[in-house]
Amino acid sequence: MPPRSSRRLRLIADATSMAASSAEPIQPGPTDEAALDAYSRIVTAVAERLLRQVVLLRVGRVSARQDRAGLGSGVVVSQDGYILTSAHVLAGAREGVAAFSDGRELPIEIVGRDPLSDMAVVRVDGGRLEAAELGDADRLKVGQLVVAVGSPLGLAGSVTAGVVSALGRSLPTRTGSATRIVENVIQTDAALNPGNSGGALADADGRVVGINTAVAAIGVGLAVPINAASRRIIGALMRDGRFRRAFLGIAGMRRPLPPRVARALGRAAGIGLTEVVPNSPAEAAGLRDGDLILDVDAQPVGDASDLQRLMVGETIGRPLPIRILRVGEVRDLTIVPVELQA
């Protein structure tokens with residue numbers, strides 16, 4: 001009979017052999033792609049696409065005291081070299097360079113600026129470029145994932161991600177004596193810094209839904225929306241180098257309608273005039289301080305933004321019917337807008 005120690009060793013060996021034979025084979029670790037969660041896969045896919053379509057802009061400016069340089073971002077919007085950016089990136093610019101992710105640096109030609117929408121277009125001669133796809137910001141929802149691509153502080157090819165924090169924000173703009181409110185501005189918590197201006201804010205499919213324009217506070221970034229209205233501006237800048245707006249020569253604010261008029265019209269407010277500019281179309285039409293505008297060109301207007309949407313190039317020089325309320329009496333007038341001179 002074998003010694004007790006030998007039997008113990010044999011039992012241990014048999015148990016080890018059985019365990020090894022019954023154990024499942026060791027599986028290889030996950031690939032890098034599988035290790036990415038769904039959020040990361042979306043952000044990386046959008047980044048890989050847009051990093052080729054977003055450029056760093058370096059512009060030379062002329063100030064009152066000296067020449068200085070400025071930095072911003074731009075989005076390629078056509079294969080023949082048109083690049084969309086923010087108007088304030090080009091403020092005072094005399095020349096500039098677009099730096100691409102492949103190392104190319106091409107001189108830019110300033111095609112057009114529209115400070116009242118904070119949008120501008122430049123062009124480079126670089127052969128056939130890869131253009132970004134423009135989306136529709138009007139379809140965005142609060143909480144939706146967005147990705148910002150640009151060159152904060154001159155750091156080209158920077159990517160941040162966040163959500164749509166709010167919609168329908170307003171951004172005041174000004175050029176010369178003209179002022180305007182950019183409507184439906186997108187608020188996001190995707191990190192933005194100086195230099196992001198003019199860069200892309202994209203949805204999860206990589207479509208550009210906004211042009212980053214301002215850092216309102218820590219964690220609060222704003223982007224001019226890409227929608228039907230801004231597409232018209234972009235097209236006009238590419239075609240004509242400017243966007244024409246109509247001018248009436250009034251200042252006013254939302255004012256409640258008298259109950260009787262509100263019931264008759266089925267709405268609550270109009271635009272109460274606080275100022276009529278001398279020698280303006282409004283004065284020529286017979287408008288006065290205190291009048292309450294109800295309709296312009298048969299379109300109801302309840303506040304300044306309603307009127308602003310109607311003041312496009314197509315209305316310049318065209319007689320427009322305008323309905324007002326004056327001392328309790330509804331009156332019909334005709335106004336002929338002129339072109340706004342910024």
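Is R242 buried, partly exposed or exposed? R242 is partly exposed, because its relative accessible area is 42%. Here buried means under 20% relative accessible area, exposed means over 50%, and partly exposed is in between (1.4 Å probe, protein chains only).

This is a predicted model, in which local features need pLDDT of at least 70, side-chain atom pairs count only at pLDDT 80 or more, and totals for chains, interfaces and linings use all residues. Residues are numbered from 1 along each chain as its sequence is written, and side-chain values use heavy atoms, with hydrogens and water left out.

**Salt bridges**

The structure holds 19 salt bridges. Each is a side-chain nitrogen of Lys or Arg within 4 Å of a carboxyl oxygen of Asp or Glu. Side chains of opposite charge can pair when their charged atoms come close. The table lists some of these pairs.

| Pair | Closest N to O |
|---|---|
| R242 and E339 | 2.4 Å |
| R244 and E339 | 3.3 Å |

R244 lies in the loop between α4 and β14, while E339 is in strand β21, so their pair ties together parts 95 residues apart in sequence. Helices (H or I, at least four residues) and strands (E, at least two) are DSSP runs, numbered from the N terminus. R244 is partly exposed, at 35% relative accessible area.

D297 counts as partly exposed at 25% relative accessibility. R318 is partly exposed too, with a relative accessible area of 35%. A network of salt bridges links E183, D306 and R309.

**The nonpolar cores**

A nonpolar core is a set of buried Ala, Val, Leu, Ile, Met, Phe, Trp, Tyr and Cys residues joined through side-chain atoms within 4.5 Å. The largest one has 29 residues. Those with the most contacts inside it include L50, V75 and I226. Helix α4 (residues 228-240) gives the most to this core, with 4 residues. A second, separate core has 18 residues, among them A246, V276, M311 and L333.

What does V75 touch, not counting residues up to four places away in sequence? Its partners include Y82, L84, A132, V208 and I211. Contact means heavy atoms within 4.5 Å.

**Strand β13 and its partners**

Strand β13 (residues 220-225) is largely enclosed by the rest of the structure, because 5 of its 6 residues are buried. Two strands pair if DSSP finds at least two bridges between them. Strand β12 (residues 208-217) runs antiparallel to β13, joined by 6 bridges. There, V215 has G221 in β13 as its bridge partner. Strand β10 (residues 178-188) is also antiparallel to β13, with 3 bridges. The hairpin of β12 and β13 has 2 residues between the strands, and G219 takes a positive phi near 80 degrees in it.

**Positive phi outside glycine**

L153 is not a glycine, yet has a positive phi of about 55 degrees. L153 lies in the loop between β8 (145-150) and β9 (158-175). L153 is exposed, at 59% relative accessibility. V327 has a positive phi near 50 degrees. V327 lies in the loop between β19 (320-326) and β20 (329-335), and is exposed, with a relative accessible area of 83%.

**Around P300**

P300 lies in strand β18 (residues 299-300). P300 is partly exposed, at 46% relative accessible area. Leaving aside neighbours within four places in sequence, P300 is in contact with R267, L294, D295 and D306. P300 and G270 are 30 residues apart in sequence, and 8.1 Å apart in space, C-alpha to C-alpha.
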